[in-house]
Amino acid sequence: MSQKPIVLDAPRPEPRARTAEAIQAEILEKLTYSIGKDPIVARPHDWLKATILAVRDRIIDLWMESSRTTWRTSDKRVYYLSLEFLIGRLMRDAMSNIGLMEPVRQALKNLNVDLGDLINLEPDAALGNGGLGRLAACFMDSMSTLQIPAYGYGIRYQNGMFRQEMSEGWQVELPEDWLAHGNPWEFERRESTYEIGFGGQVVPIAEPDGSTRLEWRPAEHFLAVAFDTPIVGWRGARVNTLRLWSAQPVDPIYLDKFNSGDHIGALEESSRAEAISRVLYPADSTTAGQELRLRQEYFFSSASLQDIVRRHMQQYGDMGSLSDKVAIQLNDTHPAISIAELMRILIDLHGIKWAQAWKITKGTFGYTNHTLLPEALETWPVSLLERMLPRQMQIIYAINAEVLAEARKIAGFNDQQIAAVSLIDEGGARRVRMGQLAFVGAHSVNGVSALHTELMKKTVFYDLHKLYPDRINNKTNGVTPRRWLMECNPGLTKLISDRIGPEFLDNINLLSQLDKHADDPNFQEKFAAVKRANKQRLTEVIKDRLNFNVSPDALFDVHVKRIHEYKRQLLNVIQAVAQYQAIKSHPEIDWVPRVKVFAGKAAPSYWNAKLIIKLINDVAKVINNDPSVRELLKVVFLPNYNVSLAEIVMPAADLSEQISTAGLEASGTGNMKFALNGAVTIGTLDGANIEMLDAVGKDNMIIFGLTAEEVTLKRARTEVPRSAIDASPPLREALEMIASGVFSPDDPNRYRDLVGGLYDHDWFMVARDFDAYAKAQADVDAIWQNSRKWYSMAIRNTAHMGWFSSDRTIQQYAEDIWKVPVR
């Protein structure tokens, strides 16, 4: 059946009234006819869905017009491939971006419904975990705001990564259930369903002209079904699409097995398919876990590429123009298999010769690297790829042969350099280096902070940079000010608007005008009042979730991010122990009351990270229940950190902990969000901290610790860290308390190995940065006691965060990498 031609001049709907009365009528209509509830008996979740559907209808009008415009103008499209999209709750974001927040609030008030209650009822979309996914979400917001035609492609995880709960201080992983009652924001697109294969064999097929082509005949087949979510930009400038893939079986049930009594076996294919889109980052400590991860990455990469090619052919009918009309950005190495898959599609399915296919592929892809950690630069066993993706592995071998020939013949590389740039790691069990594949298959390879980009050239991609010296470039990360200031901190947004005018809402760089008000006592007083109100809100969350009281007048010292040894939550909690001991030893000192707030998830198979969470909770239990501390120090771990919790924590922070081991944090975006909301940063010269220091000035950040170069030198000298520990009595005493079981009387040896690692190697420089960190924290106390100085610093942090908007980042991607116009 032939497809009908696309109609680009469909009649546009009449603009909808934006009054509270009109919206109230629409909400009631949705409640009655879409949900089937009488307002008299409607429950809060009914009102939530009705409100979302009413807001969604207005977004759909903009969405369709955006799509028609792109088809009409034949503008180049951007496709952003990411294994994570940490979009959080969408209702408040959507209402804010199309200017409906107050009309909807009033409409619901007329119906005796509180908008704030409904916002809190909406579940967070469990589509990500950390900075990678939140960055992707910010980028989608900015691409819509800057009117760049774009699709985000990812996986529709049914159970997310996990919901974190605590059991006696230990992290417990439970499944997320965000889709249990459906997702009113999404639309299933049954027409956009693609077959995804695994395994099987590659068969040579003789052509009539005597040549031979290769055909992959997979042994397994699954379906990738598209679900679309509209992503609206600021003031409704454009609505782009987040397309997520759900894995489904070709045959949902084997009836012959079912009827023969094998009721479980009859559902085997369904279980195998659904496992692909069930959980984000399944543990890969087993062979089965590694295979599932590879299945996930190929599944969403192949589905996305098939969709991109289908759309391109539908509009242009010629694959030769792909790189002129399509820009695909790989968000880290997870979608790197896309390089080989696009080559397969071009060569095997469209008959394009190798040289042209390789030129098109490189011209189409850009690759963003997010890490210098070896374990995060994915590698897969050659045997696994040969078994699961035999044709793609053949193509990887062929790409590798071409790259190595170029390195040898043109660049004159020696054997050592050849081994370094090879896509196949031949040391031990042979493995495919996915970062290398992404590098050679893209025309642009970017880092995400100035330091990270330079370290890429000197470390992980040293030899590839020599081979392709013009490929690496920097695009420092940014955050959307819509969600991370205007929505999560309305009090501060209003204060800024009252002082410098509302124009900054449309041009975030105008925040710099706040600088001249930073020393104004009247403005400082109002700024402090907003901060205290935000802290009061966080104290209520802490009370509600932990049944624990903290004072909003204390200094809120906040460390929230993924739990990893390089992010050094361990350094922070050791300093808390040292502070605890100092308070007990010297009660006569005028100590600054402090609340240390931790939050973050540890990967299920990352034992040391989970042990650090337990240590934080054990330390908190002792300190918080010791009357001799006199409310001067509290330690809090908030479970299940997600976007919605971050939107409460970040506006409440006084001190932002950005204390990663120098040279290991690619960029960070939490640092930007905290500073935007008026927190002062304590941090190392790592990631985007360096550029933030340049922006806000050295007098407005508290920097400590070893530099990336010094870390490298200490590791090269294989220094024994014991001498640093012995030279620091507070550190030695704190470690002895932890290792001896003071905080773990039920298991005195629980932390012995964790502490022993600091004595033996201290790879992440916790011991060797401790004294500098402790001094920096003492400086924090001194500055806090001078409130005029503190708030001057805090205001200047907010004032100079305009450059760290994701709008600026995306504009640089658009101009330098994607070659698309920004409006």
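**Legends: the chain and its parallel sheet**

**View 1. Contacts across the chain.** Take contacts (heavy atoms within 4.5 Å) between residues at least 6 apart in sequence: 76% of them join residues at least 24 apart. Keep in mind that this is a predicted model, where local features need pLDDT of at least 70, side-chain atom pairs count only at pLDDT 80 or more, and totals for chains, interfaces and linings use all residues. Residues are numbered from 1 along each chain as its sequence is written, and side-chain values use heavy atoms, with hydrogens and water left out.

View 2. Of the 823 residues in the chain, 61% are buried, meaning under 20% relative accessible area with a 1.4 Å probe, protein chains only. The chain exposes about 32300 Å², and carbon and sulfur atoms supply 52% of that area (Shrake-Rupley method, 1.4 Å probe).

**View 3. The open sheet.** Here six strands line up as β19-β18-β17-β20-β21-β22, with parallel pairing. Strands are DSSP runs of E, at least two residues long, numbered from the N terminus, and two of them pair if DSSP finds at least two bridges between them. At the edges sit β19 (633-638) and β22 (702-703), each pairing on one side only. As a reminder, strands of a sheet pair through backbone hydrogen bonds, either parallel or antiparallel.

**View 4. Zooming in on β17 and β18.** Strand β17 (residues 555-560) runs parallel to strand β18 (residues 594-599), and six bridges join the pair. Which residue in β18 is the bridge partner of Val558? Look for Val597.

Technical notes
Buried means under 20% relative accessible area, exposed over 50%, partly exposed in between (1.4 Å probe, protein chains only). Helices (H or I, at least four residues) and strands (E, at least two) are DSSP runs, numbered from the N terminus.
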